[in-house]
Amino acid sequence: MGQEMGVSAPGAGRGKVGVVASSAGALHEVVSLLARQGIVVAHGIGPTVEPGAQATAGFLAGLQALQDDPEVEVVVAIVSETRDIDDDQVLSQVHGSNRPA
């Protein structure tokens, strides 16, 4: 299961992709798809259980952590329609970053 989830095997090197998702299922799916392509994910940050503004703040904090990591070259941000996360705030933070997203 290690490679299926995109976890780096010993000696395989660290991934350059960070994923933050509002849904555990979406996080699992994207990391698995990347792993099938040989892309190792450095960090996968899953959803918070907090409602409303706290959910948005938690997602943005995870996104910021990936954007601040000098080893992460590409950030994947996934917001599920079923989560109470402010899309406009997420897009604003993504557009304000110098990292591909």
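Q: Which residues are exposed on the other side of helix 3?
A: This is a predicted model, where local features need pLDDT of at least 70, side-chain atom pairs count only at pLDDT 80 or more, and totals for chains, interfaces and linings use all residues. Residues are numbered from 1 along each chain as its sequence is written, and side-chain values use heavy atoms, with hydrogens and water left out. By relative accessible area (1.4 Å probe, protein chains only), buried means under 20%, exposed over 50%, and partly exposed in between. On that side of helix 3, the exposed residues are Asp-88, Ser-92 and His-95.

Q: Why do the buried residues of helix 3 line one face of the helix?
A: These buried residues are Val-90, Gln-93 and Val-94. The arc to look at is that of the directions from the helix axis to the C-beta atoms. An α-helix has 3.6 residues a turn, so residues three or four places apart point the same way. The buried residues of helix 3 line one face because, seen down the axis, they fall within an arc of 100°.

Q: What pattern does the chain follow along the sequence?
A: Helices (H or I, at least four residues) and strands (E, at least two) are DSSP runs, numbered from the N terminus. Read along the sequence, they give β-α-β-α-β-α.

Q: What share of the 101 residues of the chain counts as buried?
A: Take Val-90, which is found in helix 3. Val-90 counts as buried, at 5% relative accessibility. Over the 101 residues of the chain, the buried share is 34%.

Q: Which two residues meet in a salt bridge?
A: Side chains of opposite charge can pair when their charged atoms come close. A salt bridge needs a side-chain nitrogen of Lys or Arg within 4 Å of a carboxyl oxygen of Asp or Glu. The structure holds one. At 3.3 Å, N to O, the partners are Lys-16 and Glu-71.

Q: How many residues apart are Lys-16 and Glu-71?
A: Lys-16 is partly exposed at 35% relative accessible area, and Glu-71 is partly exposed at 37%. Lys-16 sits in the segment before strand 1 (17–21), and Glu-71 in the loop between helix 2 (52–68) and strand 3. The pair links distant parts of the chain, with a separation of 55 residues.

Q: Which residues form the negative surface patch?
A: Asp and Glu count as negative, Lys and Arg as positive, while His and the chain ends are not counted. Patch residues have over 30% relative accessible area and no salt bridge; like charges are joined within 9 Å, nonpolar side chains (Val, Leu, Ile, Met, Phe, Trp, Tyr) within 5 Å. Asp-84 is exposed, with a relative accessible area of 53%. The patch is made by Glu-81, Asp-84, Asp-86, Asp-87 and Asp-88.

Q: How far apart in space are Asp-84 and Ala-55?
A: Asp-84 lies in the loop between strand 3 (74–78) and helix 3 (87–95). In sequence, Asp-84 and Ala-55 are 29 residues apart. In space, C-alpha to C-alpha, their separation is 6.7 Å.

Q: How far apart in space are Val-76 and Val-17?
A: Val-76 lies in strand 3. Val-76 is partly exposed, at 24% relative accessible area. Val-76 and Val-17 are 59 residues apart in sequence, but C-alpha to C-alpha their separation in space is 7.4 Å.

Technical notes
Accessible areas come from the Shrake-Rupley method with a 1.4 Å probe; for residues, only the protein chains shown count as cover. The place of a charge is taken as NZ of Lys, CZ of Arg, CG of Asp or CD of Glu.
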